[in-house]
Amino acid sequence: MAQPNALTTPPPGSDTHVGAHTEQPAPHKGAFPPFESHTFLSQLVWLALAFGLLYYLMDKVALPRIQAILHDRANRLSSDLDEAQRMKAEADAAGAAYEKSLADAQSKARDIAQETRNALAAEAETKRKALEADLNQKLAASEATIRQRTGEAMGNVREIAGETASAIVERLTGQAPDQASLDRALDRAATAH
């Protein structure tokens, strides 16, 4: 006869029927635990302790930290606003200084331009007067030369006219006219023009 194997053989008195007979837990009898009337007092005590502990932790730990954070933030915002106001004032002052220096530079540029225009106008006026004086001098010399040459030409014209008239009269009449009657005729012709 074969010996029973200890690994495969269940010990005596053990339940070997699976699923045939399973015990169901007993249904819970009673109300929802927070609503049970015999535990109200202990629940109220625990509620008061929990609320007191939470209030103490909030009052002594959490709220002071939040208050410190808010206070630091307010201080930082205030200092940042003050710094921004200071920087804005500096920027405004720098802008005003820039505008003033720009206006000064424009005024100086206008003054320099006006001085340059005045200097150039004075120089041009001096050159113009020098040219006018030179031209007037040359014009006077030219007029004197013209008068001199006109006088010479007119003297030569009278002489040429006298010679021409004497030649014409001599050719027409066959005799040369006398000089006195020729001079009178030339004088009458000169005063008529």
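Met 58 comes out as partly exposed because its relative accessibility is 36%, which falls between the 20% and 50% cut-offs. Keep in mind that this is a predicted model.

On to the aromatics: a search of the whole structure turns up one pair. The partners are Phe 51 and Tyr 55, stacked with 6.4 Å centre to centre and 25 degrees between their planes. Both are in α1, four residues apart, or about one turn of the helix. An α-helix has 3.6 residues a turn, so residues three or four places apart point the same way. Phe 51 and Tyr 55 are both exposed.

What follows α1? Gly 174 does, with a positive phi near 90 degrees. Further along comes helix α2, residues 179–192, where Leu 182 is found. Is Leu 182 buried or exposed? Leu 182 counts as buried because its relative accessibility is 10%. Beyond its neighbours within four places in sequence, Leu 182 is in contact with Gly 162, Ala 165 and Ser 166. Take Ala 165: it is 17 residues from Leu 182 in sequence, yet their C-alpha atoms are 7.8 Å apart.

Here are the two accessibility values side by side:

| Residue | Relative accessibility | Class |
|---|---|---|
| Met 58 | 36% | partly exposed |
| Leu 182 | 10% | buried |

Definitions and conventions. Residues numbered from 1 in each chain as written. Predicted model: local features only at pLDDT ≥ 70, side-chain atom pairs only at ≥ 80, totals over all residues. Heavy atoms only, no water. Buried < 20%, exposed > 50% of the residue type's maximum accessible area, 1.4 Å probe, protein only. Phe/Tyr/Trp six-rings, centres within 6.5 Å; stacked < 30°, edge-to-face > 60°. Helix = DSSP H or I, 4+ residues; strand = E, 2+ residues; numbered from the N terminus. Contact = heavy atoms within 4.5 Å.
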